[in-house]
Each structure stands twice: as structure tokens, then as C-alpha cells.
Amino acid sequence: MCDRAAYHLVTMRIDNYTRIVLSAIALLLTVIAFRPMLHPTPVAAQSAREDLYIEPGVYMLRSPDGMRQQMGKVVVDLHSGYIWGFPTGSDAPYPAGMNGANPPVSKAYLLGRFDLDSAQK
């Protein structure tokens with residue numbers, strides 16, 4: 001009889017310990033699951049990269065050698081200072097063209113460079 005009572009006492013302690021641990025795990029998982037709803041992370045609408053600046057609007061792009069002149073978007077690399085032009089071919093903010101099933105791809109060309117190092121002095 002004594003062994004049986006000791007067995008029940010040990011299993012009851014293990015059962016209570018297991019219930020407490022599982023309840024704590026469930027509670028902590030609930031806290032982790034609801035945290036994004038209470039404190040959502042902000043989104044970046046323009047770009048995932050913070051070192052690029054995309055100028056709003058469409059401008060007449062002129063290459064430094066004078067060989068190209070067309071409408072397009074201006075993108076500035078804030079890390080290096082390079083200014084790139086992405087031709088769109090029209091006043092639209094994206095590459096326009098009717099050349100079959102494939103959408104047009106705009107290839108950038110270098111317009112110039114800002115000397116960002118001298119601006120920090």
C-alpha cells in the first residue's frame with residue numbers, strides 16, 4: 001500500500017508540473033502571436049532600400065555625351081552619389097511600349113554624380 005500511495009503522489013506532482021509548464025508555454029505563445037496586432041511594424045512604400053531616392057515625376061533625360069535625350073525617371077544612389085536615368089519613352093512613370101507579350105525593360109544610364117563627401121564637411 002505504501003508503494004502505491006508514493007506512486008500516486010509522484011505522478012500527481014508530475015501531472016501538476018506538466019500542466020503548469022504547458023499553461024505557461026500556451027500563455028507565452030499567445031503573447032507572441034498577438035504582439036504584431038498591438039504594435040504593427042511600419043512599412044516603407046517607396047523602396048525597401050533606403051540608399052536609393054526615386055525622384056517623383058518624369059523628366060527629360062540628357063546623357064552627358066549628348067547622344068541621348070528622352071523622357072524618363074531619375075534615381076539617385078544616396079550612398080555613392082551617382083544619378084541614373086531610366087528612360088520611359090513617354091510621360092508615363094513606367095516604360096511604355098507595344099512590342100508583343102513581353103513588357104518593356106528600361107536600362108539605366110549614368111547622368112552624373114553628386115560629390116556627397118564634400119557636402120558633409
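What share of the 121 residues in the chain is buried? Here are some notes to go with the model.

1. Buried residues come to 15% of the chain's 121, where buried means under 20% relative accessible area, exposed means over 50%, and partly exposed covers what lies in between (1.4 Å probe, protein chains only). Please keep in mind that this is a predicted model, in which local features need pLDDT of at least 70 and side-chain atom pairs count only at pLDDT 80 or more, while totals for chains, interfaces and linings use all residues. Residues are numbered from 1 along each chain as its sequence is written, and side-chain values use heavy atoms, with hydrogens and water left out.

2. On the overall layout, the chain has two helices and five strands, and from the N terminus the order is α-β-β-β-β-β-α. These elements are DSSP runs numbered from the N terminus (helices: H or I, at least four residues; strands: E, at least two). Of the contacts with a separation of 6 or more, 42% join residues 24 or more positions apart; a contact means heavy atoms within 4.5 Å.

3. The chain exposes about 10,200 Å², and 63% of that comes from carbon and sulfur atoms. Areas follow the Shrake-Rupley method with a 1.4 Å probe, and for residues only the protein chains shown count as cover.

4. Have a look at helix H1 (residues 2-38), which holds leucine 22. Leucine 22 is exposed, at 51% relative accessible area, and belongs to a nonpolar surface patch of about 600 Å² that also includes Tyr17, Val21, Ile25, Leu29 and Ile32. Patch residues have over 30% relative accessible area and no salt bridge, with nonpolar side chains (Val, Leu, Ile, Met, Phe, Trp, Tyr) joined within 5 Å and like charges within 9 Å. A salt bridge here is a side-chain nitrogen of Lys or Arg within 4 Å of a carboxyl oxygen of Asp or Glu.

5. Serine 63 sits in the loop between strand S2 (59-62) and strand S3 (69-77). This serine 63 is buried, since its relative accessible area is 10%. A polar atom of the serine 63 side chain lies 3.3 Å from the backbone nitrogen of methionine 67, and one lies 3.0 Å from the backbone nitrogen of arginine 68. Beyond its neighbours within four places in sequence, serine 63 contacts Arg68 and Tyr109.

6. Finally, the aromatic rings: there is one pair, with rings of Phe, Tyr and Trp (its six-membered ring) pairing if their centres lie within 6.5 Å. Tyrosine 82 and tryptophan 84 have ring centres 6.4 Å apart and planes at 45 degrees, so the pair is tilted; planes under 30 degrees apart would be stacked and over 60 edge-to-face, with the rest tilted. Tyrosine 82 is partly exposed at 33% relative accessibility, and tryptophan 84 is partly exposed at 31%.

Conventions: Polar contact = N/O pair within 3.5 Å; in protein donor to acceptor, adjacent residues only side chain to side chain.
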